[in-house]
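Please look at the sequence and the model first, then go through the points in order.

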Amino acid sequence: MSIGLPDSTVGVEDHPASAEPVRDSAVPHGKSPTRIAMDRLRKDKVAVVCAAVVLFFILIAIFAPLLAKLEGADIGTFHPELVDEYGFPTFVANAEHWFGVEPKTGRDNFARWVYGARPSLIVAFVATAVGTLVGVVMGLLAGFIGGWVDRVISWVVDFVLSLPYLLFAIAMVPIVESVRGGSFNLSPDEQASTRFFVLIFVLSFFGWAGLARIIRGEVLSLREREFVLAAKAIGVPTRQVLFKELLPNLVAPIVISASLSLPAYVTAEAGLSFLGVGLIEPIPSWGQTIATATNWFKADPIYLWLPVLGITALVLALALLGDAVRDAFDPKTRR
Amino acid sequence: MLYFVARRLVSALSVVLVTLIVTFALFFVAPTDPAASICGDRNCTTERYNEIKENLHLDRPKVQQFAEYTVGIFAGRTFETSGVKQECNAPCLGFSFKNDRPVTDMLKDRLPVTVSLVAGYAVMVLTIGVFVGSMAAKRRGTLGDRALMSSTLILSSVPYYIVALMISLYLTILYPILPRGGYTPLTDNPGAWFAGLLTPWLVLGIYNCTQYARYSRGSMVETLSEDYIRTARAKGLSDRVVTYKHALRSGMIPVITIFGLDIAGSLAGAIFTERIFDLPGLGNLVLESLNNYDLPVIMGTVLVASIILVAMNFLVDVAYSLIDPRVRLS
């Protein structure tokens, strides 16, 4: 870290984020709060299992094309010869189609399932990243600068938090589609990609406010602490005080909030797709498959159960992992 | 106290006002063309297009449209569709593009469904949720408590719509153990009304009971360790009186706060339940309107839901400041 004033930076440089006494590097260091939390997490069996499940789904999403190729099928090919005249698949599963085919179209279930993991994870991770970034910056600004900046940001936070988020998410779809020329004029690909970005936008738009409020509160108390006063006194620019002095102290709330919002976003993405306002064809998505599969659930249970199990396992693992992360970073929540 | 209420009221009103402006801007000022989407693309003649524009007053300046809309909410307005005048009474939220009916009337038709759903839900979470939570708090640390708490954690981590959908498909359709969801007005046939809503209530209630059980447990654990509880026990009061008369009363304050906001949120968020159990409530109205690009209906619903949420927020804040004077200072 260089802050421009070489003489006065010695102490600050060694300990950018804490007011702990200076230690020699030869003496064993105390663990940082993040290290302690990670150690706790590693000992938590539930957390390890859940992390493995999440990793499993991430790998599936990354290697989706490879897995589909391994099976010898793809997501788009119609197989009308594999469904009877009423649209029911003629078989349950075979060597070419491990989990059978879709009713009516005869597309391969397994390929669509592995590809379906992609949008869920991408939407959730991107929305979390954007929401966290905006939330942290807004919270830092509101808490540190104070005055009218704080009042404006706090008001916006209250405003966003008091909106009915599900209804707004639903309302955004027709608005954005008609901005782009109405659903009649969009090709299915254009419409699908529009929906994809609308989803990410809506989720991050409603996701940042909660975190911003938490960060603001933390910053309000941190900014009165000695190390911040010291940094200000020696003339460290505001930007560096914010990001190099304050931010490292906010790791715990940020990590907790991000890990709790991931399962919420996976749930929201699939839920909106289930309602028909999220992802649409040709992007394969679990939520949308569930909506279609409910019409066939007696004749073709695998078609329904594949995405249901996918979402349930992924969300459950992410949620329990998020809970474990919170317990690890904030031992007070353990009772 | 008066100052606090006034300040909160101003901020609540400002949120409502901005919501009104933002929704209006989103739906009518953004480069959207409602007339084109109503008219459809294939067989839309210019005449028909212009007629729609004129009827909906879309040809007027945006600011004037907004003023008319806002005035309509308080004073009502009149629309003229090809020579026929239609009255839209006081809380007028515009006319539906598709049904040629005032949005307010459509919302009024659907509101009883959603209200019935939420009312039954409220009864369930407040009785079962709170009861389970306080039982767990009393037996804190025992095997039963831990089993209960981890099972609620797992159940509440599964997405709600998955639970609801699976129960609807397997327990009401394939193996009809529970009555199928549906709506009959209470005044028509109370029995059918109850039967149709029973499964949605159970699903919505039991799923959300898990959260209420956790809140109430946390709050009760705290309350049960207070000094006055020990005093009550020392006086020789029975365990039941101590738990349910002394502790439960103050232990429920935070739970009631969450309850207030949750009920307002459920009115807006019952979409999944309504869709899965086929209940013609507000949420289903929005989904139907979405397929028709019926923007005034969606906008009206969003607006009404926002107002309900803000109003509940305000009431909870005021009620809380009555109970706990410290809130007023912050």
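How many residues does the contact take from chain A, and how many from chain B?

1. The contact between the chains. Chain A contributes 37 residues to the contact and chain B contributes 42 residues. On the chain A side, helix 6 (147-161), helix 7 (165-179), helix 11 (251-275) and helix 13 (301-329) each supply at least two of the residues that touch chain B. Helix 7 of chain A gives the most to that side, with 10 residues. Please keep in mind that this is a predicted model.

2. Chain A, overall make-up. Chain A has 13 helices and 0 strands. Of its 335 residues, 43% count as buried. Among contacts in chain A between residues at least 6 apart in sequence, 71% join residues at least 24 apart.

3. Chain A, annotated spans. An unreviewed UniProt entry lists "transmembrane region" for chain A at residues 46-68, 121-145, 152-176, 196-215, 246-266 and 302-325. Two of these spans can be checked against the model. Residues 46-68 of chain A are 96% helix and 0% strand, and the end C-alpha atoms lie 31 Å apart. For residues 246-266 of chain A the figures are 81% helix and 0% strand, with the end C-alpha atoms 30 Å apart.

4. The nonpolar core. The largest nonpolar core has 159 residues, and those with the most contacts inside it are Val114(A), Leu199(A), Leu203(A) and Ala212(A). This core also draws at least three residues from each of domain 1 (14-103) and domain 2 (106-329) of chain B. What is Ala212(A) in contact with, leaving aside its neighbours within four places in sequence? Its contacts are Gly135(A), Met138(A), Gly139(A), Ala142(A), Ile153(A) and Val157(A).

5. Chain B, overall make-up. In chain B there are 15 helices and 2 strands. Buried residues account for 37% of its 330 residues. Of the chain B contacts between residues at least 6 apart in sequence, 65% join residues at least 24 apart.

6. Chain B, annotated spans. For chain B, UniProt (unreviewed entry) places "transmembrane region" at residues 12-30, 115-137, 158-178, 190-210, 255-277 and 297-323. Residues 115-137 of chain B are 100% helix and 0% strand in the model, with the end C-alpha atoms 32 Å apart. Residues 190-210 of chain B are likewise 100% helix and 0% strand, and there the end C-alpha atoms are 29 Å apart.

7. A helix pair in chain B. Helix 7 (residues 160-174) and helix 8 (residues 190-224) of chain B pack at an angle of about 145°, and their axes are 10 Å apart. The crossing of helix 7 of chain B past helix 8 of chain B is right-handed. On the helix 7 side, Tyr160(B), Val163(B), Ala164(B), Ile167(B) and Thr172(B) take part, and they meet Thr199(B), Val203(B) and Tyr207(B) in helix 8 of chain B.

8. One residue in detail. Tyr320(B) lies in helix 14 (residues 295-323) of chain B. Why does Tyr320(B) count as partly exposed? Tyr320(B) has 17 other C-beta atoms within 10 Å, whereas a buried residue needs 20 or more and an exposed one has 12 or fewer. Tyr320(B) and Ile253(B) are 67 residues apart in sequence, yet 8.2 Å apart in space, C-alpha to C-alpha.

Conventions. Residues numbered from 1 in each chain as written. Chains lettered and ligands numbered in written order. Predicted model: local features only at pLDDT ≥ 70, side-chain atom pairs only at ≥ 80, totals over all residues. Helix = DSSP H or I, 4+ residues; strand = E, 2+ residues; numbered from the N terminus. Contact = placed C-beta atoms within 7 Å. Core = buried A, V, L, I, M, F, W, Y, C linked by C-beta atoms within 7 Å. Domains from an automatic or database assignment. UniProt positions renumbered as here; feature names shortened; annotations may be inferred. Axes fitted to C-alpha atoms, helices over the stretch in contact; angles between N-to-C directions. Left-handed = near helix turned anticlockwise from the far one by under 90°.
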